[in-house]
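Hi everyone, thanks for coming. Let's have the sequence and the model up on the screen, and then I'll talk you through it.

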Amino acid sequence: MSSMRNAVQRRNHKERGQVSGREKWGLLEKHKDYSLRAKDYNVKKAKLKRLEEKARNRNVDEFNFGMMGGKNRTQGKHGSGVGTARDSAAAQGLSHDAIKLLKTQDKGYLRTVGERVRREIQRLEREVELQEGMDKSLGKKDGKNDESMDEDEFDDDDFDFGAPPSQSKPRKTVFADDRQEQLAMKKRRLQKDESESDEEEQTTTKGRKTPKQLESERQALVEARRARKLRKRAIEARQNKLTALHKQHAEIQTAEKELDWQRSKMDNSVGGTNKDGIKWKIRERKR
């Protein structure tokens, strides 16, 4: 009977899938996955517990080979702290009052530099306002569109750099009755052509420009484009410098506030956070 039961196709039992509402969290965690995660967590927890116990019970005066190095003699708990990467004014033998005096001098220097930067910012802002006022009075656009203005306002088609002469008009054919009339018509036509050519020469000499004039117009066009490019670069340089000065002034103000806070901590007039992350504040006398 067992062989007959195995011969019949039975349903394949599959693992339960993740719910459609929780597909964003990835695959559904099975029991074997939870067991591995729990085991890893317990191993790390036990290791941390052993390390905490070792740190609690360790002897600070116990010998280790790291003490043999000449550099390490001036570091750590038993060293003077001089020559290490974490030098401090107190480790160098300065008193509390001397440190406060140094911080006061640092604040004075920061105030002087900040004032100089602020005056430079005011000067650049006045220059920008003056330039904008001049552009507005002259009806110019901003300096950002100088390149497009060059292409729009200065076009080579506006200047006549020696255009070819226009074609002559077609003539009308007229038939004569005899030889005398043909000669008379030819004579009148020649006189008319001479008068028209004289008029055209006069008009062309008045309207057409000389090569020197054409060259001067080309040079003026080049100079105008160069001047606009220089103006655009100057405006961009001024804006970049103004942005950098604003950033520098903000950093100086932040450093000055930090110095004020440090001096207040040294005077025990403000609270703070200790090395364990615990916040504290100054106790005021009850009135």
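Just past α3, G139 has a positive phi of about 75 degrees.

A word on the source: this is a predicted model, where local features need pLDDT of at least 70 and side-chain atom pairs count only at pLDDT 80 or more, while totals for chains, interfaces and linings use all residues. Numbering runs from 1 along each chain as its sequence is written, and side-chain values use heavy atoms, with hydrogens and water left out.

Which residues of α3 are buried? Buried means under 20% relative accessible area, with a 1.4 Å probe and protein chains only; among them are I99, K103, K107, G114 and D135. The cover over the buried residues of α3 includes α6, residues 211-266.

That brings us to the largest nonpolar core, nine residues: L110, V113, V117, I121, L124, L242, L245, I252 and L259. By nonpolar core I mean buried Ala, Val, Leu, Ile, Met, Phe, Trp, Tyr and Cys residues joined through side-chain atoms within 4.5 Å. Its largest share, five residues, is from α3. Take I121: beyond its neighbours within four places in sequence, I121 contacts (heavy atoms within 4.5 Å) L242, L245, H246 and H249.

Finally, the whole chain: six helices and two strands, with 12% of its 287 residues buried.

Definitions and conventions
Buried < 20%, exposed > 50% of the residue type's maximum accessible area, 1.4 Å probe, protein only. Helix = DSSP H or I, 4+ residues; strand = E, 2+ residues; numbered from the N terminus.
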